[in-house]
Every structure is written in C-alpha cells, then in structure tokens.
Amino acid sequence: MSCKTILLPSLLSAPFDRLGESVQNMKSAGASVFHFDVMDGHFVPNITIGPLVLDSLKNIPDCAFDVHLMVTNPSRQIKWFDRENVRSLSIHIETSSDIKQDLQWIRDSGKRSGVALNPPTTVEKVHPLLPYVDQILVMSVYPGFPGQTFLNESLAKIEALAELREREGLSYLIQVDGGINEETMRWVNNAGADEIVSGNTIFSDPNPANAFQRLSGLLKEWSLAAKAHSA
Ligand code: DX5
Ligand code: ZN
C-alpha cells in the first residue's frame with residue numbers, strides 16, 4: 001500500500017461557470033493537483049473542455065493539472081497541452097496509433113507521461129510501454145461521464161500493476177479514475193493506488209471543500225495506520 005496516496009479533484013463535476021473559484025476553494029482545502037478531463041465526442045460520447053480553459057486558470061498560483069485526454073488519435077492534440085500548468089498528460093492506449101512516440105513527446109516536453117486503460121484493457125497490453133510511462137491511469141468506469149458506479153474488477157488491475165512495478169523495479173504512479181467514494185477509495189487505496197481521482201463525490205457535496213478534506217483526511221488516517229502496523 002502506498003504511504004503518500006493523494007486525492008485529485010476532477011473538474012468535470014465542478015460548476016463550469018465558477019471554475020476558477022472552485023479551484024481556489026479546493027486549493028484552500030489542500031488540493032494541489034487537479035484532474036482535467038478532455039473529451040472529443042468521438043472516442044467517448046461526450047465533449048468537454050480543452051487548452052483554452054486551462055489557460056483561463058493559468059494565473060492561479062501553485063496549481064497543477066493532470067490532463068486526461070479522451071480523444072481519438074491524440075498525436076496532434078498532445079501538442080496543445082504543452083503548457084506550464086500541465087503536470088501530466090495521459091493518453092488512451094486504445095486509440096493512439098503511435099503511442100510510444102506520443103509518450104516520448106510528452107516526456108520530452110517536461111510533463112509526466114501517462115497511459116490510460118479502459119476497463120476491458122489488460123495489464124499485458126501496457127507491458128511494452130513501461131519504459132515510456134511515468135503514470136498509469138486505471139479507468140474504474142467506462143470513460144465519458146461523471147457519477148458512474150465503480151467497477152469492482154478494476155481492483156485486480158491495480159494490484160497487478162503494483163506487483164509488476166515491484167517485480168520490475170519501476171516507479172510509475174498508479175492512478176484510479178471513476179466511481180470513487182469513501183468506500184471505493186478504501187478499496188483502491190488498499191489495492192495500491194497512488195493518486196485517486198474523484199469528481200461527483202466531491203462536487204455534489206453541498207460543501208465540496210469539506211468533502212475534499214474528509215476524503216483526503218481518510219487517506220492520511222489509513223496511511224498512518226498502515227505505517228503503525230508495519231513498524
Ligand atoms: C470519466 C472521467 C472522470 C470523472 C470521474 O470519464 O474520466 O475523471 O470525472 O468522475 P466521478 O468521480 O464522478 O466518477
Ligand atoms: Zn478522467
């Protein structure tokens with residue numbers, strides 16, 4: 001189990017007419033990295049936000065974005081995210097026609113390179129890409145919409161990725177995205193996730209900052225308990 005698991009608010013569920021305010025609010029609650037979902041209406045059946053929206057948030061200090069690109073053939077679009085406030089950029093293994101080159105480009109541009117796996121995509125598929133990835137995003141719902149139910153079969157995939165990392169002496173981060181609430185967060189934390197994305201649970205709360213603090217407080221508590229247990 002990771003001892004430094006962090007929670008990333010997913011802006012997909014934030015009110016878009018007050019995005020800057022929501023980011024500031026989450027920052028005051030302790031968030032530092034924000035998950036940013038980009039959808040093209042083709043790879044997934046929904047259309048969301050893109051680089052111009054990232055630019056509108058660029059003057060918020062100490063605020064980094066983890067971009068999740070859900071677009072068909074992302075080779076062209078990855079270039080649009082070469083922006084200072086982008087910490088990491090994940091592309092889907094199911095759609096890139098030259099994924100190694102795309103991942104290398106992301107790294108060369110100074111971002112963390114990420115590969116995202118849809119629920120049916122197996123860990124074996126990601127194996128040849130390991131030298132190119134800094135993070136692996138396990139989708140625990142079919143991408144496209146917030147507020148879906150967590151798919152339990154994602155847990156075995158997280159465990160397999162954690163074992164593989166250990167066995168091969170690698171250091172990629174394992175991220176989990178979709179259907180996270182207090183209960184499923186505990187499961188994915190135990191399975192070995194390092195970064196946990198949550199949208200609906202945080203932003204549907206009447207007080208999103210409190211919801212963020214409640215969830216991240218639990219992560220800290222579990223981490224301390226795990227440390228005490230292993231001491
Ligand atoms: C779904 C997106 C997720 C989404 C998760 O396609 O990739 O990032 O915001 O939202 P929740 O936490 O509501 O499942
Ligand atoms: Zn996402």
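**Zinc site and ligand 1 shell**

Ser10, Asp37, Gly144, Asp177 and Gly179 come nearest to ligand 1 among the 20 residues around it (a heavy atom within 4 Å). This is a predicted model, in which local features need pLDDT of at least 70, side-chain atom pairs count only at pLDDT 80 or more, and totals for chains, interfaces and linings use all residues. Residues are numbered from 1 along each chain as its sequence is written, chains are lettered from A and ligands numbered from 1 in the order written, and side-chain values use heavy atoms, without hydrogens and water.

**Zinc ion (ligand 2)**
- His35 (NE2), Asp37 (OD), His68 (ND1) and Asp177 (OD) coordinate the zinc ion at 2.1 to 2.3 Å (donors are N, O and S atoms within 2.8 Å of the metal, or 3.2 Å for Na, K and Ca).
- The arrangement is octahedral because the 6 donor atoms subtend angles of 71 to 172° (opposite donors over 155 degrees apart, all others between 65 and 115).
- His35 lies in strand E2 (residues 33–39) and Asp177 in strand E7 (residues 173–177), so the pair ties together parts 142 residues apart in sequence (strands are DSSP runs of at least two residues, numbered from the N terminus).
- His35 and Asp177 are both buried (under 20% relative accessible area, 1.4 Å probe, protein chains only).

**Ligand 1**
- A polar side-chain atom of Ser10 lies 2.7 Å from an oxygen atom of ligand 1, and one of His35 lies 3.3 Å from an oxygen atom of ligand 1.
- A backbone N or O atom of Gly144 lies 2.7 Å from a ligand 1 oxygen atom.
- E2 gives the most to the shell around ligand 1, with 3 residues.

How values were computed. Tetrahedral: all angles 85-135°; square planar, octahedral: opposite > 155°, others 65-115°. Helix = DSSP H or I, 4+ residues; strand = E, 2+ residues; numbered from the N terminus. Buried < 20%, exposed > 50% of the residue type's maximum accessible area, 1.4 Å probe, protein only. Polar contact = N/O pair within 3.5 Å; in protein donor to acceptor, adjacent residues only side chain to side chain.
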